[in-house]
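Biologist: I am new to this structure and would like to learn how to read it step by step. Could we go through it together, beginning with the whole and ending with single residues?

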Amino acid sequence: KTESWDVCFDAAVEVARKAGEEIRSAFSSEKRIETKSCAVDLVTETDQKVEKMIISTLREKFPTHSFIGEESAAAGEKVELTDNPTWIIDPVDGTTNFVHGFPFVAVSIALSVNKEVVVGVVYNAILDQMFTGQLGKGAFMNGKPIHVSGQEELSQSLLISEFGSSRDKEKMDLVFSNLGSFLNENNSAHGVRSMGSAALNMSHVACGGGDAYFEFGIHCWDVAAGYLVVKEAGGVTLDTTGGPFDMMSRRVLCASSVKLARTIAEGLTQMELERD
Ligand code: LIP
């Protein structure tokens with residue numbers, strides 16, 4: 001059995017590289033931009049083209065597997081996570097960055113088996129950084145082992161969070177008040193960063209650059225691969241409440257230690273979102 005996930009891992013890395021080539025060649029060209037749920041939720045023809053290429057390549061190799069993809073979902077396909085081996089794909093995580101030429105654009109590919117992620121690949125196509133994780137086999141960046149920082153104290157942490165792709169008043173009020181609770185005169189983090197890609201935010205927690213990341217409103221394709229990279233790098237991913245992580249709940253909190261994750265969970269005002 002383990003053997004067969006090795007084959008899947010190699011296929012994921014190979015197709016991520018191929019997707020990366022397409023993304024790189026489109027990165028500096030003019031793009032045709034469309035919007036999805038609202039005026040700041042962007043999509044380009046590259047997102048759609050790359051997702052089709054990834055799915056058809058993997059489907060040819062693994063015809064019995066299931067697929068969940070960001071752009072397939074946007075086109076109306078049902079998002080259903082079953083026990084069947086399921087590939088969870090975000091062809092371009094950081095579409096806004098891609099549109100603007102900000103070099104944090106990733107291909108995110110995960111394989112879930114019995115609802116457990118066994119393969120996770122996050123490839124920053126512009127900076128050529130390949131983050132990988134395989135269940136029980138560690139996490140790597142360009143083939144070198146990576147580890148979380150192990151930081152436990154909020155007051156010593158660099159946090160990562162995002163403004164998201166909704167401008168709903170209630171959601172924005174929550175985003176700002178949550179950031180405010182970690183940037184204040186008393187128990188403050190060292191700073192907060194936004195890379196514009198959930199998958200890359202998680203990968204940077206995995207390699208110790210950031211100490212924790214949280215966001216409300218993400219989807220399973222944004223976090224599935226990053227989840228395994230963080231786990232294999234020694235980190236923890238929880239629900240924003242501090243409870244167990246639920247990939248379909250649209251909420252994520254990952255950190256370099258359980259203690260830091262719990263401190264952040266306690267400081268967050270929660271939000272319920274429509275599930276994937
Ligand atoms: C993006 C996420 C990011 C979030 C954005 C968006 P996309 O994914 O990774 O964390 O803040 O709203 O959802 O749409 O670029 O694949």
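Predicted model: local features only at pLDDT ≥ 70, side-chain atom pairs only at ≥ 80, totals over all residues.

Biologist: What share of the residues counts as buried?

Modeller: A residue is called buried if 20 or more other C-beta atoms lie within 10 Å of its own. Of the 276 residues, 46% count as buried. Turning to contacts with a separation of 6 or more, residues 24 or more positions apart account for 66% of them.

Biologist: Which domains does the domain assignment give?

Modeller: The assignment gives domain 1, covering 2-145, and domain 2, covering 154-267. Their centres, taken over C-alpha atoms, are separated by 20 Å, and 35 residues of domain 1 are in contact with 26 residues of domain 2. On the side of domain 1 that touches domain 2, at least two residues each come from several elements, including β4 (86-93), α4 (95-100), β5 (106-113) and β6 (116-124). Sorted by class, that side of domain 1 has 19 nonpolar, 11 polar and five charged residues.

Biologist: Which residues touch the most other members of the largest nonpolar core?

Modeller: That core has 75 residues, and those touching the most other members are Ile-109, Met-202 and Ala-206. Domain 1 (2-145) and domain 2 (154-267) both give residues to this core, so it too lies between them. Leaving out residues up to four places away in sequence, Ala-206 touches several residues, among them Phe-131, Ala-139, Val-229 and Val-230.

Biologist: How should I read helix α6 (residues 198-206): is it largely enclosed or open?

Modeller: In general, an α-helix has 3.6 residues a turn, so residues three or four places apart point the same way. In helix α6, nine of the nine residues are buried, so α6 is largely enclosed by the rest of the structure. Among these buried residues are Asn-201, Ser-203 and His-204, as well as Met-202 and Ala-206. After α6 comes Gly-208, whose phi is positive, near 90°.

Biologist: Which residues other than glycine have a positive phi, and where are they placed?

Modeller: Two cases can be set side by side. Lys-115 has a phi near 65° and is found in the loop between β5 and β6, whereas Arg-250 has a phi of about 70° and is placed in the loop between β13 (236-238) and β14 (251-255). With 12 other C-beta atoms within 10 Å, Lys-115 is exposed, while Arg-250, with 21 C-beta neighbours inside 10 Å, counts as buried.

Biologist: Is Ile-160 buried or exposed, and what about Asn-142?

Modeller: Here again one counts the C-beta atoms around each residue. Ile-160, in strand β10 (residues 158-161), is buried, with 24 other C-beta atoms within 10 Å. Apart from neighbours within four places in sequence, the contacts of Ile-160 include Arg-193, Met-195, Asn-201 and Val-205. Asn-142, in the loop between β8 and β9 (144-145), is exposed, with 10 other C-beta atoms within 10 Å. Setting aside residues up to four places away in sequence, Asn-142 touches Gln-129 and Met-130.

Note on methods: Residues numbered from 1 in each chain as written. Domains from an automatic or database assignment. Contact = placed C-beta atoms within 7 Å. Helix = DSSP H or I, 4+ residues; strand = E, 2+ residues; numbered from the N terminus. Nonpolar A, V, L, I, M, F, W, Y, C, P; charged D, E, K, R; others polar. Core = buried A, V, L, I, M, F, W, Y, C linked by C-beta atoms within 7 Å.
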